[in-house]
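Here is a friendly briefing to read alongside the structure.

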Amino acid sequence: MTTAQLDKMRLELRRGVLVLAVLAALRERHYGYSLRRHLQDAGIDIDEGTLYPLVRRLAEQGLLDSEWQQGEGRERRYYLLSELGAELLQQLTHEWTTLNNALGPLLQPEQTMSAKQAEEQG
Amino acid sequence: MELVKRYVAAVQRELPEQKRQEIGRELQANIMDQLDALAEQQGTALSEQQVADVLKKMGPPQHVARQFSPIQPLIPAHLMPLYKYTMYMVLGVLFVLQIVFMTSHWLTGSDFGPISFVLGIASGFIEDAIFGFTAITLGFALMPANTRSGQRKSANQWQPADLPPVGAGWQHISLSDVFTDLATYTFLLLIIWFPLWQQLFAGGEPVSSVFTQQSLQLLIWFSPFIVLGVLSSLWQLQRRLWSRPMLSLNLIVNLAFVIILVLLATLGPVLQLDTANWSGYFSPEAVQQAVKRGLLITSLIPGYEVIRDILRLRKLNK
């Protein structure tokens, strides 16, 4: 598999998961940069050019509430999960858990084989 | 922070007007937060180069703007098959109409040679095709959103039981084949009947036919088979899948074409030629001979289709 193919598939795989991650992170109030840091600290690295437009799109869909506020000498737009967003997050979380539980056993042989290969190389 | 302002302005320029201010304001706030955090981390003010590096990492302004406001395709992806099908049908009909128009024009025009005829069809069709392409594309692009969802709903109303039988790959009838046949049949009908119609119904001056009296008489008797060919093409257009009755009808039409082409080639002269202009280059006999050979060679095409259809019928009977 080429790097381009891998990048494309990784992007596809991440696209839906990032929405879930952003919705989950915005159960707490965040502005753009603080949200990025929060996700980064949680191990999800997402570049600004993707995150900020994504947050805006979710807000436009009514999944996030937002307001401008002054903070540390600068105005910032704060986002928080809306009622509709909370409902959707609950449904998506259920979907994710089901999918993850189903995927686990399917991915297991691959993980076992990778571990074996690592052992053999080690 | 001049660079940041320039970057935000460049992003704003790529956005729709109603979103520019809001997105620009938020993007600037986010970038400034990031720069402040970076400055705090290193303990000193950022250099121009470091600011440029941060902006570079964000991506080109056009790309960022497209992320904020994605471009809507002119034709939505789910309508693309319908769009292509409509385009094909309309262009096919325009091609047939162009053949009809140019043939009638050719038959009434006195100084209209074969090359002008072909060029006329090509230029006329290109002109019509551009208009058709623009009209269809605009029609689909301006289609209201509720109609688009209606299309989706009707697409969900299909029934598996209505699907055609599996069939082999060759059973699929291509639209280009159907329209080429239709154009040929229309051209032939016009070239045979137009001079007679002019004379009988329009009350105009008798228009001389390109065929000799004997050939014209043969072609008039042959006309029902051409009409049968038109009906066969319309049937193919509707079904788009070869069946036994369709193959049989096509076989009859092609067989009739082989017979008439061979008859025309073997019986006397085929065309009434204005040999006065050509006498310096070709003798009338040489031209008639070339026409006859041309007809015999042309008869190989329907001949091939006759053999092909017999083999296909055998395959279907198995």
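A residue counts as buried here if 20 or more other C-beta atoms lie within 10 Å of its own, with C-beta atoms placed from the backbone. With that in hand, helix α10 of chain B has these buried residues: B:N250, B:L251, B:V253, B:N254, B:F257, B:I260, B:L261 and B:L264. Please keep in mind that this is a predicted model.

**Helix α10 of chain B**
- Helix α10 covers residues 244-266 of chain B, 23 residues in number.
- From first C-alpha to last it reaches 33 Å, close to the 33 Å expected at 1.5 Å a residue.
- The cover over the buried residues of α10(B) includes α9 (213-239) and α11 (284-317) of chain B.

**Annotated segments of chain B**
- An unreviewed UniProt entry places the feature "transmembrane region" at residues 85-107, 119-143, 178-196, 216-235 and 247-270 of chain B.
- In the model, residues 119-143 of chain B are 92% helix and 0% strand, and the C-alpha atoms at the ends are 36 Å apart.
- Residues 178-196 of chain B are 100% helix and 0% strand, with 28 Å between the end C-alpha atoms.

**Chain A at a glance**
- Chain A holds 4 helices and 3 strands.
- Read from the N terminus, the order of its elements is α-β-α-α-β-β-α.
- Chain A has 122 residues, and 20% of them count as buried.
- Among contacts in chain A with a separation of 6 or more, 42% are between residues 24 or more positions apart.

**The sheet in chain A**
- The 3 strands make an open sheet in the order β1-β3-β2, with antiparallel pairing.
- Its edge strands are β1 (30-31) and β2 of chain A, each of which pairs on one side only.
- Strand β2 (residues 64-71) of chain A is joined to β3(A) by 8 bridges, and the two run antiparallel.
- β2(A) and β3(A) form a hairpin with 2 residues between them, and A:E72 in the turn has a positive phi of about 50°.

**Nonpolar cores**
- The largest nonpolar core has 27 residues, and those with the most contacts inside it are A:V22, A:L23, A:L26, A:V55, A:L64, B:V11 and B:L27.
- Elements giving two or more residues to this core are α1 (3-25), α2 (32-41), α3 (48-60) and β3 (74-81) of chain A, together with α1 (2-13), α2 (17-42) and α4 (61-68) of chain B.
- The largest share of this core comes from α3(A), with 4 residues.
- Another core, of 23 residues, lies apart from it; B:V96, B:I121, B:F179 and B:A183 are among its members.
- What does A:L23 touch, leaving aside residues up to four places away in sequence? Its contacts are A:L63, A:L81, A:G85, A:L88, A:L89 and A:L92.

**Where the chains meet**
- Across the interface, 12 residues of chain A are in contact with 14 residues of chain B.
- On the side of chain A that touches chain B, α2, α3 and β3 of chain A each supply at least two residues.
- The largest share of that side, 6 residues, comes from α3(A).
- By class, the side of chain A that touches chain B has 3 nonpolar, 3 polar and 6 charged residues.

Key. Residues are numbered from 1 along each chain as its sequence is written. Chains are lettered from A and ligands numbered from 1 in the order in which they are written. This is a predicted model: local features need pLDDT of at least 70, side-chain atom pairs count only at pLDDT 80 or more; totals for chains, interfaces and linings use all residues. A nonpolar core is a set of buried Ala, Val, Leu, Ile, Met, Phe, Trp, Tyr and Cys residues joined through C-beta atoms within 7 Å. A residue is buried if 20 or more other C-beta atoms lie within 10 Å of its own, exposed if 12 or fewer, and partly exposed in between; C-beta atoms are placed from the backbone. Two residues are in contact if their C-beta atoms, placed from the backbone, lie within 7 Å. Ala, Val, Leu, Ile, Met, Phe, Trp, Tyr, Cys and Pro count as nonpolar, Asp, Glu, Lys and Arg as charged, and the others, Gly among them, as polar. UniProt positions are given in the numbering used here, feature names are shortened, and annotations may be inferred rather than shown by experiment. Two strands pair if DSSP finds at least two bridges between them. The expected span of a helix is 1.5 Å times one less than its number of residues.
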